[in-house]
Amino acid sequence: MNILLPKEITYALETIQQAGFEAFIVGGCVRDIFIGREVHDFDITTNALPSQILQLFSSFTVLETGIKHGTLTVVINHMPIEITTYRIDGTYTDHRRPDGVLFTKSLMEDLKRRDFTMNALAYNPKTGIIDYFNGKEDIYNKIIRTVGSPDERFTEDGLRIMRALRFSAVLGFQIEEDTKKSIHTYKDKLKYISIERITSEFSKMICGQYVEEVLLEFWDIIDVIIPELSIQSKDDPAYKLSVKTLVNTPPILYLRMATLLHSISKQAILSYEKEENIDNNHSSEKSAFIVKKILQDMRFDKETTNRVYTLIFYYDLDLIEDKPYIKKWMNKLTPKVLKELLQLRRAKSLSQNSKDDKELGKISTINYLIDEIIASKSCYSIKGLAINGQDLIKAGIPQGKLIGEILQKILEEVIEEKVDNNKKDLLHLAKHMYGEGGQQICDLHRSEQ
Ligand code: ATP
Ligand code: MG
């Protein structure tokens, strides 16, 4: 079998081989070639030592970031290629990271340490495919199976649990029975893994096309990661609904996280109330707060965290098919966020047992109205008004907080369609407002200072 490789990879393999060493592409790239997926990065494995690789590629940029693990990144034609010396991982006393790396001369040993059979394939054009663990067959049968005893492999490194779930959710592969059993048995090994690495795998998993089955089968793993969801069992109706809703949510991380976390349990809210000693604020505010904390603890980036927080905070907004009402929300949230909220609400309506046709109708009308407001360039924000602060100052209204207040009031009038959005009418209105109450508001500010 001949695989067409980028010329940079062929060059790197040949350079190493011509110096008398072995070199193969390995791992994810070989797997993805067999699946027919686009390869995002090529890794090379070799029996040459890092110092020898450095010598062979001395005329290229070589990054030494992974040198502790025997990995060098050689940049050829702007393409970064990771070249790693065959290695055996040391013992795993903390179930997390090998204590040290040991280089080996044996490709077999290097492939044996890899997590799944599909990830333990190696290839070069001269030798062809090296497949000691039937990885090719497992790929054809869409099966995820550990290399060697699953109990041992998950005990060594709990991150493999997340990798198995992620690959299954993204590729639609089944996890082999013994591997599956072992994942359930050793789920607590996840506690030894850094939350950043769990979250990174979790994020890819949650956006996977085949995530539904994974979430249902491995509800107990989700429970280890996000106990606040209080998933009761495989058949927990609330969890089932939230999984169904998640599948109907576009595969964008913050949208899917918002859907998943929206179902945050009443129990979590109650214990939060107890802890914080509060009882009188709105429930969506409380859930948004808890959700923010969960996301921060999971080390999601700020942007994702804030987006999910906003979506959950406003999740329950009333759906009213009225233009001024929609303009107010467009102003408050931006059209983009408002539309995202509608996507979440739509996903939920679609997932309920008796589909909520009334709500679905409202959602599509509101979507249509938003598009119409944008297309007709109707004003819904201060920025869209035909006048700005400078115009008010020129008209003799003193600089300061008052300008903003007047603009805000004018916006409300424009949104309510009580006044036309043109400069002349708005200036007239502004002067009128200033004349009426402005002086007073102005004096009030002065006395506050
Ligand atoms: P992706 O497509 O996400 O890059 P990948 O399988 O290539 O998937 P990498 O993290 O790039 O994942 O790892 C490269 C290879 O290293 C894997 O294919 C696998 O052979 C090996 N590997 C990675 N992580 C582990 C692990 N935790 N345990 C054992 N082998 C691993
Ligand atoms: Mg990879």
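## Ground rules

Residues are numbered from 1 along each chain as its sequence is written, while chains are lettered from A and ligands numbered from 1 in the order in which they are written. Since this is a predicted model, local features need pLDDT of at least 70, side-chain atom pairs count only at pLDDT 80 or more, and totals for chains, interfaces and linings use all residues; side-chain values use heavy atoms, with hydrogens and water left out.

## A hole inside

Rolling a probe the size of a water molecule over the atoms shows where empty space is left. Here, a cavity is a set of points, on a 1 Å grid over the protein atoms alone, where a 1.4 Å probe fits but cannot get out. Points are joined across faces, edges and corners, and a volume is the space filled by probe spheres set on them. How many cavities of 30 Å³ or more turn up in the whole structure? The search finds one, and the largest cavity holds about 60 Å³ of space.

So what lines the largest cavity? Lining residues have an atom within 4 Å of a point, and here they are L317, D318, L319, I320, Y325, I326, W329, L338, L342 and I366. Nine of them are nonpolar, none polar and one charged (Ala, Val, Leu, Ile, Met, Phe, Trp, Tyr, Cys and Pro count as nonpolar, Asp, Glu, Lys and Arg as charged, and the others, Gly among them, as polar). Helix 17 (323-333) and helix 18 (335-351) each supply at least two lining residues, and helix 17 gives the most, with three. Helices are DSSP runs (H or I, at least four residues), numbered from the N terminus.

Two packed helices are described by the angle between their axes and the distance between the axes. Axes are lines fitted to C-alpha atoms, for helices over the stretch in contact, and angles run from 0 to 180 degrees between N-to-C directions. Angles under 35 degrees count as roughly parallel, over 145 as roughly antiparallel, 65 to 115 as roughly perpendicular and the rest as oblique. Contact means heavy atoms within 4.5 Å.

Start with helix 12 (residues 237-247) and helix 13 (residues 253-262): their axes come within 9 Å and cross at roughly 165°, so the two are roughly antiparallel. S242, T245, L246 and V247 of helix 12 touch R256, T259 and L260 of helix 13. Helix 9 (residues 195-206) also comes within 9 Å of helix 13, axis to axis, but crosses at roughly 90°, which makes the pair roughly perpendicular. That contact uses F202, S203 and I206 of helix 9, with L253, R256, M257 and L260 of helix 13.

Then there's helix 16 (residues 302-313), packed against helix 13 at about 50° with the axes 9 Å apart, so these two are oblique. On the helix 13 side, the residues include L253, Y254 and L255, and among those on helix 16 are T304 and R307. This contact has nine nonpolar, two polar and one charged residues.

## A loop residue

Where does D420 sit? D420 is in the loop between helix 21 (401-415) and helix 22 (423-448). Leaving aside neighbours within four places in sequence, D420 is in contact with D425 and L426. D420 and L385 are 35 residues apart in sequence and 9.9 Å apart in space, C-alpha to C-alpha.

Note on methods. On a 1 Å grid over the protein atoms alone, a cavity is a set of points where a 1.4 Å probe fits but cannot get out, and a pocket is an open set with protein on both sides within 12 Å along at least five of seven lines; lining residues have an atom within 4 Å of a point.
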